Protein chains: 2
Amino acid sequence: MFNKFLERYGSHLEEEMQRTVSRYDNLPAAFATMIRYPMGWDDADGTPYPHPTGKRIRPVLLLLCAEAAGGHWKHALPAAAAVELLHNFSLVHDDIQDNSDTRHNRPTVWKVWGQPLAINAGDAMFALSYDALSRLQGTLDPATVLSIWNIYNETIVELTRGQYLDMQFETMMDITTDDYLSMIAGKTAALLAAACQMGALIGSGDAEKAAHFHTFGLNLGLAFQVRDDILGIWGQPDQTGKSAATDIISRKKSLPVLFGLSKSDDLRKIYEHPHTDNMEVQQAVGILDEVGAADFTRGLETSYYEHAQQAFAATGASGDAVDMLNQLVDALFGRSH
Amino acid sequence: MFNKFLERYGSHLEEEMQRTVSRYDNLPAAFATMIRYPMGWDDADGTPYPHPTGKRIRPVLLLLCAEAAGGHWKHALPAAAAVELLHNFSLVHDDIQDNSDTRHNRPTVWKVWGQPLAINAGDAMFALSYDALSRLQGTLDPATVLSIWNIYNETIVELTRGQYLDMQFETMMDITTDDYLSMIAGKTAALLAAACQMGALIGSGDAEKAAHFHTFGLNLGLAFQVRDDILGIWGQPDQTGKSAATDIISRKKSLPVLFGLSKSDDLRKIYEHPHTDNMEVQQAVGILDEVGAADFTRGLETSYYEHAQQAFAATGASGDAVDMLNQLVDALFGRSH
């Protein structure tokens, strides 16, 4: 499904990222493998892995925005490589923090090599991401490179703020929906926003235009996360219609749940139990429907989505990259073409 | 002892670092404390801590080199703040990796807040370090800022290489002295080298001069680590003269030990035991003396030290910062004035 977006840029993105790692040819092979493994280039034993892991959504978005803003995507490749390396660094550390065993149907880095080496491999990917970004010096004027560096620094601090809140919320019951939206703005939306903004700045050199792209990416990210939360309770709308409620079973404090907790003591009691049986899950979904959690959450998704569309219209973007961007957004939101 | 070097720069360094963190005023207070705590600004409960932790050697070295190269140290403050934030990021992650409970006589970050939050606090300090560095844009031309950014990226990848080797060596017996020297070049000397180089580049804008400062810092770092390894076996030369041998008791594979292991099967047998009693410790020190480990290690220390001095002479540095640099080096090497 997402392959067609990647195909637009051939193998250039993957090559740009691999070059970043390969430039450090003094890294011991076993250490390089810990970096190449989560990217989907190597297997854990250092042999080649058949295909990259992940959909590469952030770099594709960045390259499409560079084009849509009037530039050539090739000039934006270093930034595209940077955001994908950064995203994967954050996954390596997230998996340690969340104690997750698998990702992309493979053991996580810490599961293969242990936590100490996995923390360090993540740190190396973090530094390599900056190294990738710095290669913009080859295609851009110094002032624009420095502007992009500033955006990047602020984005990463924002990512760690979102990650902090996400971990903090696990042990808290009184989280407002505003707290939650602030968390996903950092954890999910900030990097998408930065990808769009950096792409546009590289493509146009126009900071005002790039700001509209930032608003587009931020609202797109928020809408996408809110939609994901809706699916976690009410399931895929195009499927059986039967509720999945997986987020209730895993006791995730997603947006509809937080809305429900603020409205219903009965839901609060269910969430305070250490385990939830099937009847309680049905009860919880019933409560969410009753208190208007679905309407609230769907209303927010629509609002963010429309804000994204408005911001995009304000960019004055043109060309066939715009069609591709629309298709990418539709694919993200599960709408077929 | 080291206070007099810090005094030269008043409170400017600490303020520069604190400003970097404070700029992100949307960070939750409890999260900011996790960053401010290891710097020695806050206690774990968020109340002010009486004095910064650590000697701030790297930023002082950077500022002195900026002066010695002919510049004004104030222009180098953003880079000085960056290297100290980076150093402390690496300590936060190191303490998790090494399972260390205390640092500077206080519980480590992970010990106070748990590993997941500590990993994230370290990541935030990593990003803030780049943010600090980017403020060079206020005092330097864009091309020089970009040169310094490149040095910084490469230095951090090198740090992770050294850290990887250090962790890897813990489980290995056959480490050559060359392997070990390559490890400390990354883990210890790379950031000292970069601090000297960046300071000189900011102070002079002269890449060739800055390269001599890099060589100075690298060899200084190597000499210092090798000296530390000597003290770990033979103790403080100005003390009782009685051997401390702490590194043998903790079974550290330091430079003299690795030299000994390559020369003596008897030492190898002692190191293969899970525990070492007092007689075995004396035996091990005896073997090290016998096979010439002390001469080998002291020879290397002298060689690195002399290389550092030669490189420094080649910089053509001048002014009273040179005296201060000499005093700092003497203080590092335990020579009194």
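In this predicted model, Arg103(B) forms a salt bridge with Asp95(B), with the closest N and O atoms 2.8 Å apart; a salt bridge here is a side-chain nitrogen of Lys or Arg within 4 Å of a carboxyl oxygen of Asp or Glu. Asp95(B) is buried at a relative accessible area of 4%, whereas Arg103(B) is partly exposed at 28%, where buried means under 20% relative accessible area, exposed over 50% and partly exposed in between (1.4 Å probe, protein chains only). Because the model is predicted, local features need pLDDT of at least 70 and side-chain atom pairs count only at pLDDT 80 or more, while totals for chains, interfaces and linings use all residues. Residues are numbered from 1 along each chain as its sequence is written, chains are lettered from A and ligands numbered from 1 in the order in which they are written, and side-chain values use heavy atoms, with hydrogens and water left out.

**Other salt bridges**

- Over all chains, a search of the whole structure finds 30 salt bridges.
- Arg8(A), Glu67(A) and Asp320(A) are joined into one network by salt bridges that share partners.
- In chain B, Arg8(B) forms a salt bridge with Asp320(B), the closest N and O atoms being 3.0 Å apart, and this pair links distant parts of the chain, since Arg8(B) lies in the loop between α1 (3-7) and α2 (12-22) and Asp320(B) in helix α16 (residues 320-332), 312 residues apart. Helices (H or I, at least four residues) and strands (E, at least two) are DSSP runs, numbered from the N terminus.
- Arg8(B) is partly exposed, with a relative accessible area of 25%, and Asp320(B) is also partly exposed, with 49%.
- Glu84(A) forms a salt bridge with Arg56(A), with 3.1 Å between the closest N and O atoms; Glu84(A) belongs to helix α5 of chain A and Arg56(A) to the loop between α3 and α4 (57-68), 28 residues apart. Both Glu84(A) and Arg56(A) are buried.

**Interface of chain A and chain B**

- In chain A, 43 residues are in contact (heavy atoms within 4.5 Å) with 43 residues of chain B.
- The two chains bury about 3900 Å² between them, 71% of it on carbon and sulfur atoms; buried area is the accessible area (1.4 Å probe) that two parts lose on being put together, summed over both.
- The side of chain A that touches chain B draws two or more residues from each of α3 (29-39), α5 (77-97), α7 (115-134) and α8 (142-169), and α8(A) gives the largest share, 17 residues.

**Symmetry**

- A rotation of 180 degrees with 0.0 Å of shift along its axis superposes chain A on chain B (RMSD 0.0 Å), and the two copies are thus related as by a two-fold rotation axis. The superposition is by least squares on the C-alpha atoms of residues with pLDDT of at least 70 in both copies.
- Pro142(A) comes closest to the rotation axis of the residues of chain A, at 2.9 Å (C-alpha).

**Positive phi angles**

- Most residues other than glycine have a negative phi.
- His104(B), however, has a phi near 50 degrees; His104(B) sits in the loop between β1 (102-103) and β2 (106-107) of chain B and is partly exposed at 37% relative accessibility.
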